[in-house]
Amino acid sequence: RFLPDLERLIAVQRIETDRSPVARTVAEVPQRQAALDERGAAARAAFDQAKSQQAAVAAAKRDAEKDLAAAEARLSKFRDQQNPVKTNKVYQAMLHEIETAKGDVDRLSEQVLLRMEDADTSAASVKLAEAALKEVEAEVAAEKKTLDVERGDAEKRLSAHDAERGTLASHIEHEAGMVV
């Protein structure tokens, strides 16, 4: 009679040994899900940052285009005023203003071209960030699905271990009058 109880106690110990890693798996699932959520959030933040950068570049491009338009309007105004000039001194001053305005137009044209390049670069960055975000979101979704299956399997095994342990413990208690 003592031998079957000892065998049952050994079986209970084996169940507890087998149950421990399964219980750890179940307990670690929320942390693993949180890590996946952080990974998704990081990809989203990178995408949002790329979109913000693109918006800033677009605003800078618009500002440069406005400045260029103003400089071109100023140049046109000076050219229109050049014809009715009567004195050489005023004509020389007008030529100086025209040359200054031409320089401004050239400089601002260069800035607009640079902003256009920046816009192309930022658009490419947004596309890359968007592709990376979609990839990460798909990976995270797949990993979460796998994690849910793993947790479900672990919870079933845990329940089976608990049921087996309960059965063995009740036999030991019932036959020996002991509490396990």
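A residue is called partly exposed when its relative accessible area falls between the buried class, under 20%, and the exposed class, over 50%. This scale is applied below to a predicted model.

The overall fold is simple to describe. The protein has two helices and zero strands. Helix α1 covers residues 2-82. Helix α2 covers residues 88-176. The C-alpha trace spans about 130 × 20 × 15 Å along its principal axes. The radius of gyration is 38 Å, whereas a compact globule of 180 residues would have a value near 16 Å. Of the 180 residues, 23% count as buried. The protein exposes about 12000 Å². Carbon and sulfur atoms supply 55% of that area.

Among contacts with a separation of 6 or more, 83% come from residues 24 or more positions apart. T121 lies in helix α2. T121 counts as exposed because its relative accessibility is 52%, and the exposed class begins over 50%.

Charged pairs were examined next. Side chains of opposite charge can pair when their charged atoms come close. A search of the whole structure finds 15 salt bridges. One of them joins E143 and R39, with the closest N and O atoms 3.1 Å apart. This pair links distant parts of the chain. E143 is in helix α2, R39 is in helix α1, and the two are 104 residues apart. E143 has a relative accessible area of 36%, so it is partly exposed. R39 has a relative accessibility of 32% and is also classed as partly exposed.

A second salt bridge forms between R74 and D104. Here the closest N and O atoms are 2.3 Å apart. R74 lies in helix α1 and D104 in helix α2, so the pair ties together parts that are 30 residues apart in sequence. R74 counts as partly exposed because its relative accessibility is 32%. That value lies between the limits of 20% and 50%.

The side chains of E99 and K102 meet at 3.7 Å, N to O. Both residues lie in helix α2. They are three residues apart, about one turn of the helix. E99 is partly exposed, with a relative accessible area of 48%. K102 is partly exposed as well, at 31% relative accessibility. Salt bridges can also share partners, and in this way R14, D18 and E164 are joined into one network.

The surface also carries a nonpolar patch. L3, L6, L9 and I10 form this patch. Together these residues have about 350 Å² of accessible area. L3 lies in helix α1. With 54% relative accessibility, L3 counts as exposed, because the exposed class starts over 50%.

In summary, the predicted model contains two helices and zero strands.

Terms used
Residues are numbered from 1 along each chain as its sequence is written. This is a predicted model: local features need pLDDT of at least 70, side-chain atom pairs count only at pLDDT 80 or more; totals for chains, interfaces and linings use all residues. Side-chain values use heavy atoms; hydrogens and water are left out. Patches are made of residues with over 30% relative accessible area and no salt bridge: like charges are joined within 9 Å, nonpolar side chains (Val, Leu, Ile, Met, Phe, Trp, Tyr) within 5 Å. Accessible areas come from the Shrake-Rupley method with a 1.4 Å probe; for residues, only the protein chains shown count as cover. A salt bridge is a side-chain nitrogen of Lys or Arg within 4 Å of a carboxyl oxygen of Asp or Glu. Helices (H or I, at least four residues) and strands (E, at least two) are DSSP runs, numbered from the N terminus. Buried means under 20% relative accessible area, exposed over 50%, partly exposed in between (1.4 Å probe, protein chains only). The radius of gyration is taken over C-alpha atoms; the globule rule is 2.2 Å times the number of residues to the power 0.38. Contact means heavy atoms within 4.5 Å.
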